[in-house]
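Hi,

Here is the structure we talked about handing over. Please have it open while you read; my notes follow below.

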Amino acid sequence: MNQNTAPTSLKARMARGATFGMNIYSTACMAIEVAGNWGLDFVFIDAEHTALGVDRDMEKLLLAARCAAIPSLVRVRGTLEWDIRKALEMGASGVIVPQVHTATQMRQIIQFSKFPPLGRRGGDSSVRSAGFAGPGFDWAHYTEAENARSVIVPMAESYEFFDNIDEILDVQGIDAVHFGPADYSLSRRLPVDYRLGNPEVLERLELLIEKCHARSIQVMVPCAPADQESAQRLVDMGSDMLLMGSDLSWLNQAGQRIAQVKQALA
């Protein structure tokens, strides 16, 4: 039975306290529906590192999220106007934008994702976010509601982001920042460790939390391993949105357990 009893918006969930989600790398609806069944707060649909595009597969996954009453964030391929607008028009609760290095990029993201007066998002009433211009459609109400509904999440995953952190975070319209420890480590030629074992990577997360919270911006962080102890550590640090693994990671864990049983019985 679905534990998300009402289709509460992602922003409303974020306002209540810490939220918990999972990454979706496959094109299967089941993982999203299962996440909804167990009352997760959101799903993170990845179109950056997967074969998934903003096309029929994406529409299918977004409809699955709507069916499961779970908000959906789409990680788009980059600072691309078409990707950002299309994901929002197809019904995503918001977008996660990778490799943001400058305030200029951040301003472009807001321009592409928000209607005037906040941005310059292109509009059409024949899209899902506009209810396909069904009964009672009104342009003024639609654009205002979309600006209020859409969650915009740039990624802090490079040393350039932190070189320009104040200028980036001062751009109006950011709801949360997703910290990417792997790509940050790669940008600095550090060993990749999702457990935040490197002091520099941990310090960058602490700095991001401090500066984001000073501006009422939330921070999204991958939780590795995806267990209660790790989650408590991140929450105690001030992390707001926790990614508790992915459909792929949980499949790998199941496969590993099966392989261990096979080896023990060989």
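Strand 1 (residues 19-24) runs parallel to strand 8, and four bridges join them. Strands pair here if DSSP finds at least two bridges between them. Strands (E, at least two residues) and helices (H or I, at least four) are DSSP runs, numbered from the N terminus.

Before going on, the ground rules. This is a predicted model, in which local features need pLDDT of at least 70 and side-chain atom pairs count only at pLDDT 80 or more, while totals for chains, interfaces and linings use all residues. Residues are numbered from 1 along each chain as its sequence is written, and side-chain values use heavy atoms, with hydrogens and water left out.

Strands 7 and 8

Strand 8 (residues 241-246) also pairs with strand 7, in the parallel sense, over three bridges. Met220 has Met241 as its bridge partner in strand 8. For Val221 the partner in strand 8 is Leu242. On its other pairing, strand 7 meets strand 6 (residues 176-179), again parallel and over three bridges. There, Ala176 is bridged to Gln218 of strand 7.

Strand 7, helix 11 (residues 228-237) and strand 8 form a right-handed β-α-β unit. Right-handed means that, with the strands pointing away from the viewer, the path from the first strand over the helix to the second runs clockwise.

Buried means under 20% relative accessible area, exposed over 50%, and partly exposed in between (1.4 Å probe, protein chains only). Strand 8 is mostly covered too, with six of its six residues buried. In a regular strand the side chains alternate between the two faces of the sheet. Strand 7 is covered on both: Gln218, Met220 and Pro222 are buried on one side, Val219 and Val221 on the other.

Helix 5

Helix 5 covers residues 103-113. Its buried residues are Ala103, Gln105, Met106, Ile109, Ile110, Phe112 and Ser113. Their cover includes helix 4 (81-89), strand 4 (94-97), strand 5 (151-156) and helix 8.

Salt bridges

How many salt bridges does a search of the whole structure find? The count is 15. The criterion is a side-chain nitrogen of Lys or Arg within 4 Å of a carboxyl oxygen of Asp or Glu. Three of them follow.

- Glu48 with Arg75: the closest N and O atoms are 3.2 Å apart. This pair links distant parts of the chain, 27 residues apart. Glu48 is in the loop between strand 2 (42-46) and helix 3 (56-67), and Arg75 is in strand 3 (residues 72-75). Arg75 is buried, at 7% relative accessible area.
- Asp166 with Arg215: the closest N and O atoms are 3.1 Å apart. Asp166 lies in helix 8 (residues 165-169) and Arg215 in the loop between helix 10 (199-213) and strand 7, so the pair ties together parts 49 residues apart in sequence. Asp166 is partly exposed at 31% relative accessibility. Arg215 is partly exposed as well, at 27%.
- Glu200 with Arg188: the closest N and O atoms are 2.7 Å apart. Glu200 lies in helix 10 and Arg188 in the loop between helix 9 (181-187) and helix 10, so parts 12 residues apart in sequence are tied together. Arg188 counts as partly exposed, at 36% relative accessibility.

Shared partners also build a network: salt bridges join Asp166, Asp170, Lys211 and Arg215.

Whole-chain numbers

The protein has 12 helices and eight strands. Its C-alpha trace spans about 65 × 45 × 35 Å along the principal axes.

Buried residues make up 48% of the 266. Of the contacts (heavy atoms within 4.5 Å) with a separation of 6 or more, 62% are between residues 24 or more positions apart. The accessible surface is about 12,900 Å², and 54% of it belongs to carbon and sulfur atoms. Areas come from the Shrake-Rupley method with a 1.4 Å probe; for residues, only the protein chains shown count as cover.

Best wishes
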